[in-house]
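Student: I'd like to go through this model with you, one question at a time. Can we start as soon as it's on screen?

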Amino acid sequence: MMKSSYILSLCAAVLLSAFQLPVHAADAVEVKSIAEREVSTAVNGKKTAHRVTVDKAVPGEEIIYTTTFKNLTGKPAGNIVITNPVPNDSIYKGGSANGANTTITFSVDGGKTYAAPDRLTVKTKEGANRSAQPADYTHIRWTYKGELGVGKSGSVSFRATIK
C-alpha cells in the first residue's frame, strides 16, 4: 500500500467559525474545524448539556476547538499530522487535548519544536529554566498513528479560555 502524507495546520484567526481547510493533495483528506461552547438547557425540568457554534467570545469563556478529518481517497492515508495554534488571547486548558489513535505533543516556542508536556521548559525573566505550564503552550500537534482507512474519519480537540 502506498502511504500519502498530509500535514494540516489551522489558523487561529479563523477558528471562531467553521471552515474547510485546503490540503496539499486536492480532495485527499477533508478537514473541518469548529469552535463551540458548552451550554446547559432545561427540558422538562431536566438539565442537558450541548454545544453551540461560537461567533464571538468574551473573556473568561471556555471554547472547545474541534477539528475533524476524513479520508476521501481510494486508499489508506498515512502520516497525518494536525497542528493547531492556541488562539491569541487564549490560554490552553491543561489536559483537555484529545484525539483517538493520536500522539499529542505541545510547543512553547511558536510551533518551532514539539514535545510531551513533561519535556517542555521555558525561560523565566531571570534566565532560569522552569517546567512549562499549560498557559505557556502556543501550539498543539496530533500525529495520527497508522493509516486512516478509506472513507474513515477522526477528530481532535482541545479547550481554551479567552483572556
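Student: Leaving aside neighbours within four places in sequence, which residues is His139 in contact with?
Tutor: Keep in mind that we're looking at a predicted model. His139 sits in strand E13, which covers residues 139–144. Once the neighbours within four places are set aside, the residues in contact with His139 are Thr83, Asn84, Pro85, Val86, Thr105, Phe106, Ser107, Gly110, Gly111 and Tyr114.

Student: Is His139 buried or exposed?
Tutor: The cut-off for buried is under 20% relative accessible area. His139 has a relative accessible area of 15%, so His139 is buried.

Student: Moving to Thr102, which backbone oxygen does its side chain reach?
Tutor: Thr102 lies in strand E10, residues 102–107. Its relative accessible area is 11%, so Thr102 is buried. At 2.6 Å, the side chain of Thr102 reaches the backbone oxygen of Gly99.

Student: And which residues does Thr102 touch, not counting those up to four places away in sequence?
Tutor: Start from strand E10, where Thr102 lies. With residues up to four places away not counted, Thr102 touches Trp142, Thr143, Tyr144, Lys145 and Val156.

Student: Among contacts between residues at least 6 apart in sequence, what share joins residues at least 24 apart?
Tutor: Take the contacts in the protein chain between residues at least 6 apart, then pick out those joining residues at least 24 apart. That share is 70%.

Student: What is the phi of Asn44?
Tutor: As background, most residues other than glycine have a negative phi. Asn44 is in the loop between strand E3 (29–43) and strand E4 (46–53), and Asn44 is exposed, with a relative accessible area of 82%. Its phi is positive, near 55 degrees.

Student: Where is Asn79, whose phi is also positive?
Tutor: Asn79 has a phi near 55 degrees. At 42% relative accessibility, Asn79 counts as partly exposed. Its place is in the loop between strand E6 (77–78) and strand E7 (80–85).

Student: On to charged pairs: which residue forms a salt bridge with Glu61?
Tutor: Side chains of opposite charge can pair when their charged atoms come close. For Glu61, the closest N and O atoms of the pair are 2.1 Å apart, and the partner is Arg37. The pair links distant parts of the chain, with Glu61 in the loop between E4 and strand E5 (62–71) and Arg37 in strand E3. Glu61 is buried at 15% relative accessible area, while Arg37 is partly exposed at 21%, and the partner you asked for is Arg37.

Student: Why does the salt bridge of Arg159 and Glu62 tie together parts that are apart in sequence?
Tutor: The closest N and O atoms of Arg159 and Glu62 are 2.7 Å apart. Arg159 lies in strand E15 and Glu62 in strand E5, so the pair ties together parts separated in sequence by 97 residues.

Student: Which residues do salt bridges with shared partners join into one network?
Tutor: Arg159 forms salt bridges with Glu38 and with Glu62. Arg159 counts as buried at 18% relative accessibility, whereas Glu62 counts as partly exposed at 27%. The network is made up of Glu38, Glu62, Lys93 and Arg159.

How values were computed:
Residues are numbered from 1 along each chain as its sequence is written. This is a predicted model: local features need pLDDT of at least 70, side-chain atom pairs count only at pLDDT 80 or more; totals for chains, interfaces and linings use all residues. Side-chain values use heavy atoms; hydrogens and water are left out. Helices (H or I, at least four residues) and strands (E, at least two) are DSSP runs, numbered from the N terminus. Buried means under 20% relative accessible area, exposed over 50%, partly exposed in between (1.4 Å probe, protein chains only). Contact means heavy atoms within 4.5 Å. A polar contact is a pair of N or O atoms within 3.5 Å; within protein, one must be able to donate a hydrogen and the other to accept it, and residues adjacent in sequence count only if both atoms are side-chain atoms. A salt bridge is a side-chain nitrogen of Lys or Arg within 4 Å of a carboxyl oxygen of Asp or Glu.
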